[in-house]
Amino acid sequence: MGLGELHLAQWPDVLPFEVWYVPSYPIDKIDHTRHEAQHHMALRCALADNIKTQGLVNPLIVLNHPREKCPPNWLMVGTNRLWALKRLGWTHAPCIVTGPK
């Protein structure tokens with residue numbers, strides 16, 4: 001990872017991966033294809049308006065460690081937030097990111 005990132009967790013006896021908070025993760029690298037069917041346009045537009053005025057409160061959660069059936073940089077939590085950020089023209093977002101040990 002890079003500058004400004006915060007290592008959050010390393011529990012070798014519990015987790016087979018590490019976890020970081022990344023304040024500026026590139027949105028275009030996040031794979032959200034499995035979530036596209038779950039959209040609610042009114043909710044997403046309201047969320048985009050809220051983020052525009054209040055800022056992003058909760059980071060996205062991205063899995064970036066080898067897992068069966070999950071591509072790299074797979075969006076685990078935050079589908080609507082990701083949609084709203086893209087609509088607002090953001091290119092990077094705060095994320096909680098897992099990674100290999």
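**Notebook: strands, helices and core**

I began with the strands: β3 and β5 run parallel and are joined by three bridges. The model I am reading is a predicted one. For a residue pair in this pairing, I looked up Ile61, whose bridge partner in β5 is Ile96.

Next I checked β3 against strand β4, residues 74-77, and found an antiparallel pairing over three bridges. Here Leu63 has Trp74 of β4 as its bridge partner.

I then turned to the helices. Helix α1 covers residues 41-54 and helix α2 residues 79-87; their axes come within 9 Å and cross at roughly 60°. I noted the crossing of α1 past α2 as right-handed. On the α1 side, the contact is made by Met41, Leu43, Arg44, Cys45, Leu47, Ala48 and Ile51. The α2 side consists of Thr79, Asn80, Arg81, Trp83, Ala84, Leu85 and Arg87. Sorting this contact by class, I have nine nonpolar, two polar and three charged residues.

Last, I looked at the largest nonpolar core, which has 18 residues. Tyr25, Ile30, Leu60, Val62, Leu85 and Cys95 touch the most other members. I listed the elements giving two or more residues to this core: β2 (18-26), α1, β3 (60-63), α2 and β5 (92-99). The most comes from α2, with four residues.

I followed up on Leu85, a residue of the α1 and α2 contact. Setting aside neighbours within four places in sequence, I find Leu85 in contact with Ile27, Ile51, Leu56, Leu60, Trp90 and Ala93. Of these, Ile51 belongs to the α1 side of the helix contact, and Leu60 is listed with Leu85 among the core residues that touch the most other members.

Note on methods
Residues numbered from 1 in each chain as written. Predicted model: local features only at pLDDT ≥ 70, side-chain atom pairs only at ≥ 80, totals over all residues. Heavy atoms only, no water. Axes fitted to C-alpha atoms, helices over the stretch in contact; angles between N-to-C directions. Left-handed = near helix turned anticlockwise from the far one by under 90°. Contact = heavy atoms within 4.5 Å. Nonpolar A, V, L, I, M, F, W, Y, C, P; charged D, E, K, R; others polar. Core = buried A, V, L, I, M, F, W, Y, C linked by side-chain atoms within 4.5 Å. Buried < 20%, exposed > 50% of the residue type's maximum accessible area, 1.4 Å probe, protein only. Pairing = 2+ DSSP bridges.
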